[in-house]
Amino acid sequence: MRIYVCVKQVPDTSGKVAVNPDGTLNRASMAAIINPDDMSAIEQALKLKDATGCQVTAVTMGPPPAEGMLREIIAMGADDAVLISAREFGGSDTFATSQIIAAAIHKLGLGKEDMIFCGRQAIDGDTAQVGPQIAEKLNIPQVTYATGIKKSENLVLVKRMLEDGYMMIEVQAPCLITCIKDKTIKPRYMTLNGIMECYSKPLEVLNYEALKDEPLIELDTIGLKGSPTNIFKSFTPPQKGVGIMLQGTDKEKVDDLVDRLQKKHVI
Amino acid sequence: MSFNSADINSFRDIWVFCEQRDGKLVNTDFELISEGRKLADERGSKLVGILLGHEVKDIAKELGGYGADKIIVCDHPELRLYTTDAYAKVLCDVVMEEKPEVLLIGATNIGRDLGPRCAARLRTGLTADCTHLDIDTKKYVDFLATSSTLDISSMSFPMEDTNLKMTRPAFGGHLMATIICPRFRPCMSTVRPGVMKKSEFSQEKAEVCQIVMRHVELSAADLKTKVVNVVKEAKKMVDLIGADIIVSVGRGISKDVEGGIKLAEKLADAFGNGVVGGSRAVIDSGWLPSDHQVGQTGKTVHPKVYVALGISGAIQHKAGMQDSELIIAVNKDETAPIFDCADYGITGDLFKVVPLMIEAIKETQNA
Ligand SMILES: Cc1cc2nc3c(=O)[nH]c(=O)nc-3n(C[C@H](O)[C@H](O)[C@H](O)COP(=O)(O)OP(=O)(O)OC[C@H]3O[C@@H](n4cnc5c(N)ncnc54)[C@H](O)[C@@H]3O)c2cc1C
Ligand SMILES: Cc1cc2nc3c(=O)[nH]c(=O)nc-3n(C[C@H](O)[C@H](O)[C@H](O)COP(=O)(O)OP(=O)(O)OC[C@H]3O[C@@H](n4cnc5c(N)ncnc54)[C@H](O)[C@@H]3O)c2cc1C
């Protein structure tokens with residue numbers, strides 16, 4: 001059994017986010033991190049590796065420096081990694097991205113017992129679309145919003161979260177599962193041994209040449225030009241005007257507030 | 001097969017995928033039908049809802065009351081519970097035959113599972129988690145004038161354009177993007193729950209809405225997943241989205257968590273029937289259940305009054321509450337960003353200020 005874990009390197013949007021005057025993001029000013037939901041996907045895969053000894057392969061599509069992230073994931077316990085990188089793939093929307101990743105996995109081979117794990121959502125693009133779209137392109141079943149994954153033979157039992165509870169879902173491998181963060185999933189750290197060995201483990205780079213003739217690739221729907229969706233405008237929302245800071249002692253501030261609320265008929 | 005997503009002129013009408021759980025419609029259905037009506041009027045086309053389930057015909061009429069011209073009902077025992085396989089098959093089959101120009105889906109946990117799967121199958125684009133939609137370009141330009149920092153006077157727009165312009169937050173709400181899908185149809189979007197305004201229900205409109213039952217073909221080979229069971233978390237769900245008054249607490253209650261939540265409850269009561277929400281810090285600490293979370297990864301709310309107690313005002317929190325009609329913030333740090341979006345700000349210790357607020361509000365009610 002082999003588990004492919006799809007990971008994306010993202011700018012850390014939890015801290016200060018710098019936006020350029022033209023409304024694009026100033027990525028250079030932000031730290032690059034492993035997408036948080038993908039950390040759950042990695043951990044779920046490594047747990048299955050602990051239990052079954054299966055092979056775990058990290059896959060990313062991104063610019064060449066993303067190799068550093070892949071080495072980190074190997075240092076956490078993954079066996080090998082694949083970097084999909086080509087100028088022609090840049091600017092892809094989710095339809096295009098998933099097509100390219102699906103083609104890469106198809107080329108590497110998806111066996112009867114294999115699985116693909118993704119994060120549910122990346123914190124930059126925020127669409128949560130890439131996972132389900134890879135599954136569709138490969139014609140395999142999907143389960144999204146997973147917090148627990150158990151496997152026996154080809155049957156996989158997944159706990160899928162809903163807004164008001166959860167479902168237990170049984171699915172046949174090969175399948176794709178998107179993972180979310182949960183208190184019960186604690187991503188592990190890199191180990192010392194892992195760090196020492198991570199540069200000696202295999203890392204394959206797939207470029208445009210390697211993928212362009214794959215049956216799942218449609219050359220007219222990849223990259224910035226081919227993507228079905230286009231960004232028409234991007235902009236920053238205006239800050240709502242600063243309101244009134246009430247002055248005086250606590251009691252005076254509160255009385256002033258209540259007075260204003262009464263005048264507005266809020267109370 | 002004759003379906004070709006690139007033959008864009010053969011597609012017409014605005015469609016809404018209507019979600020049901022336990023045979024009941026969900027709130028996003030009414031929001032999306034209301035929004036869909038607006039778009040259908042802008043485009044001069046029909047508004048059609050599509051409802052999948054088992055024995056759900058009787059609930060379809062209600063959707064007409066919010067503006068649908070027609071509801072297509074797909075009934076099959078395998079559609080009683082949501083599965084990606086069955087729903088994607090049925091929805092895509094009908095879409096390929098009927099060719100809607102626009103397909104809207106609620107961005108719920110189910111919609112965000114179904115939408116991308118179908119878009120990939122239909123070979124078209126999908127815009128995620130939209131918060132604003134326009135067809136009419138003039139309306140879109142008006143929207144930009146009030147909701148962006150762009151200098152629209154220096155820009156030119158294709159005024160005849162009839163592509164759906166789908167606006168959504170990205171990068172954790174730091175950036176808004178308007179996305180179009182010009183070369184393929186249907187033009188698909190998932191729409192964030194709680195954002196679109198539900199219109200008034202009209203019994204007359206419900207009566208004239210056409211209900212069409214549609215034959216569904218599903219075989220065992222189509223179904224590769226099986227729902228073993230569904231577990232409802234046995235907890236009282238808070239209805240943050242429907243609430244008029246929300247009092248939310250943040251990490252600022254940490255020195256007395258229980259006391260802080262009690263104060264918030266009392267203040268919510270004093271305002272009249274309010275509910276208590278929380279920042280993600282509070283939910284992550286386990287102080288309130290997750291359905292109380294307000295913000296980008298929680299709920300988007302627009303109550304009449306939103307009170308933020310001990311919440312710093314991170315952009316992800318603001319994304320869920322800044323469109324409230326009136327915002328009051330209490331924070332001991334006068335530089336807290338929450339004050340940037342508050343109508344009234346009080347710097348102070350919430351444990352001292354809130355009891356005074358409760359008392360003062362009660363006094364006005366007794367006077
Ligand atoms: C402002 C903005 C708005 C956008 N809006 C849309 C939109 O509405 N629709 C649309 O189709 N595209 C959109 N895009 C493009 C989209 O962000 C990119 O296609 C992106 O490469 C993948 O989407 P995501 O970040 O949303 O990933 P998600 O779909 O949220 O990611 C889910 C999971 O898929 C896997 N994954 C995603 N990307 C990769 C990767 N490169 N390598 C390996 N695994 C990966 C990871 O496991 C990840 O956790 C937008 C881009 C921008 C800048
Ligand atoms: C991808 C992503 C998604 C996110 N989604 C959400 C989301 O949906 N919702 C959300 O809320 N957050 C979300 N966050 C987290 C967000 O960035 C902040 O970390 C979070 O909102 C902080 O919560 P807080 O304001 O309660 O805590 P803090 O930022 O720690 O602020 C506590 C505040 O309380 C004040 N305070 C302390 N003691 C007192 C007192 N006695 N009286 C008065 N004031 C006091 C302090 O001055 C401080 O301003 C998200 C983050 C990421 C990265």
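Tutor: Around ligand 2 there are 27 residues, of which B:Ser279, B:Val294, B:Thr297, B:Ser312 and B:Asn331 come nearest; a residue counts as near if one of its heavy atoms lies within 4 Å of the molecule. The model is predicted, so local features need pLDDT of at least 70 and side-chain atom pairs pLDDT 80 or more, whereas totals for chains, interfaces and linings use all residues. Residues are numbered from 1 along each chain as its sequence is written, chains are lettered from A and ligands numbered from 1 in the order in which they are written, and side-chain values use heavy atoms, with hydrogens and water left out.

Ligand 2 lies between chains A and B. A polar side-chain atom of B:Ser279 is 2.5 Å from an oxygen atom of ligand 2. An N or O atom in the side chain of B:Asp349 lies 2.9 Å from a nitrogen atom of the ligand, and a backbone N or O atom of B:Lys332 lies 3.2 Å from a nitrogen atom of ligand 2. On its own, ligand 2 has 990 Å² of accessible area, and the protein covers 83% of this (Shrake-Rupley method, 1.4 Å probe).

In chain B, helix H8 (280-284), helix H9 (315-321) and helix H10 (350-366) each supply at least two residues of the shell around ligand 2; helices are DSSP runs of H or I with at least four residues, numbered from the N terminus. By class, the shell comprises 7 nonpolar, 15 polar and 5 charged residues. Here Ala, Val, Leu, Ile, Met, Phe, Trp, Tyr, Cys and Pro count as nonpolar, Asp, Glu, Lys and Arg as charged, and the others, Gly among them, as polar.

Notes. A polar contact is a pair of N or O atoms within 3.5 Å; within protein, one must be able to donate a hydrogen and the other to accept it, and residues adjacent in sequence count only if both atoms are side-chain atoms.
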